[in-house]
Amino acid sequence: MASDPPLNLAKVPLPIDPDSKSEFPVVPIHIVTHASQLPPEFIDPPVDRQVVIGFDCEGIDLCRHGALCVMQLALPNAVYLVDAIEGGELLIQACKPALESTNIMKVIHDCKRDSEALYFQYGIKLNNVFDTQIAYSLIEEEEGRKPSLNDHISFVGLLADPRYCGISYLEKEEVRVLLRQDPEFWTYRPMSEMMIRAAADDVRFLLSIYHSMMERLNKKSSWHLALRSSLYCRCFCINDNDYADWPSLPLLPDDIVAEGYVPEEEILSILNVPPGKMGRVIGRKGASIQSVKESCHAEIIIGGAKGPPDKVFIIGPVKQVFLHQSGALVKSGRRAHSTAEALARASDAAVHVLDAPSSLQSARSGTAARLSFPDRGLTLVKKNHSCSWET
């Protein structure tokens, strides 16, 4: 058994009483450098119930290339800071079964880059995620507010919402300033008090937020949340086998099926942008991409500086991605029939519009399909629940 590093302390809101105005209880913060220091319920979760943990990652401009430095785990009785620098590959690989387990729910705010770093640096496929950013949007819709899928609540904004925490998180901006000044901030060892506090602050409220959100989410929204969280985990993790090695996407629960609810299939579509054309997709000061975002009910994600630089990711219902009359204005002045077409036209990549039910069925049947349009120099490739356009 490795010796335990000195303890720090954090105040954590009790998940069982998120509306309590009393002082938050104090729990220890453990710095983990060896697998033996990980919590038992994380390493060997019980089979008769699901373990729920708060989860986050910190690193150097975290992405497939930006190194993971710290992985945070929040349990009701403690916060664990898993030190990827001191513990190395062996420690992170010890966490892999739990991070891929369906018996452990990982509560995280915006999982995309964390999932990308874990996948490309350690081969970990983050699974069974409750993304609070997605949950927030679904609850807004349930309560009669309909934000765009491209309007995202920040973690600071989520904490400030009185329905969940109602607190300010001024220290977050302080850390952001330090990260801009020194991108190596998370690499220094031993971790400073500020590093420990900042890492713990990013997860210590997540369990309370989770319980508050679960009280508000109905069964249908809960399923949509599980599905979208899974698609977000895959978003930047594109590989040559089209996610074939990833866990299956969540199935619609039997009780919802019994109610006659037939949701539209949601997919992750990947548009390959020709070299040098991404600027035309984005447009002057973001005008082109913004016009498409405002006219559709699908989320459009661009890799940006972290990459991948030549792809646009579209997540949403099939009809919104491929068939919806988006009305987006593009260079030709002609109405775009789909989110994918509007974006591809902006980059001079021709996209055939699937405007017949039979065509859509062909694209969705089985586990894989290819629809080729030689006259347009384009092929729609559909495997499992993801689609991509090949030029």
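Author: A salt bridge is a side-chain nitrogen of Lys or Arg within 4 Å of a carboxyl oxygen of Asp or Glu. The structure holds 19 salt bridges. The model is a predicted one, in which local features need pLDDT of at least 70 and side-chain atom pairs count only at pLDDT 80 or more, while totals for chains, interfaces and linings use all residues. Residues are numbered from 1 along each chain as its sequence is written, and side-chain values use heavy atoms, with hydrogens and water left out.

Reader: What makes the pair Glu116 and Arg64 a salt bridge?

Author: The N to O separation between the side chains of Glu116 and Arg64 is 2.9 Å. That value lies within the 4 Å limit, so the pair is counted as a salt bridge.

Reader: Which parts of the chain does this pair link?

Author: Glu116 belongs to helix H3, whereas Arg64 is in the loop between S3 and strand S4 (68-75). The two residues are 52 residues apart, and the pair links distant parts of the chain. Helices (H or I, at least four residues) and strands (E, at least two) are DSSP runs, numbered from the N terminus.

Reader: Which residues of H2 and H3 meet?

Author: Ala84, Glu89, Ile92, Gln93 and Leu99 in H2 meet Leu118, Gln121 and Tyr122 in H3, where contact means heavy atoms within 4.5 Å. By class, the residues of this contact are 5 nonpolar, 2 polar and 1 charged. Ala, Val, Leu, Ile, Met, Phe, Trp, Tyr, Cys and Pro count as nonpolar, Asp, Glu, Lys and Arg as charged, and the others, Gly among them, as polar.

Reader: What is the volume of the largest pocket, and which residues are closest to its centre?

Author: The volume of the largest pocket is about 970 Å³. Its lining has 33 residues, and Cys57, Glu58, Lys172, Arg176 and Lys306 are the closest to the centre. A pocket, on a 1 Å grid over the protein atoms alone with a 1.4 Å probe, is an open set of points with protein on both sides within 12 Å along at least five of seven lines, and lining residues have an atom within 4 Å of a point. The lining of the largest pocket divides into 17 nonpolar, 4 polar and 12 charged residues.

Reader: How does the lining of the second largest pocket divide by class?

Author: That lining has 10 nonpolar, 7 polar and no charged residues. The second largest pocket has a volume of about 360 Å³. H9 gives the largest share of its lining, 4 residues.

Reader: What makes Pro190 and Asp61 worth a separate remark?

Author: Most residues other than glycine have a negative phi, and most peptide bonds are trans. The peptide bond from Arg189 to Pro190 is cis, with omega near 0°, and Pro190 is found in the loop between H6 and helix H7 (193-201). Asp61, in the loop between S3 and S4, has a positive phi of about 50° although it is not a glycine.

Notes
Points joined across faces, edges and corners; volume = space filled by probe spheres on them.
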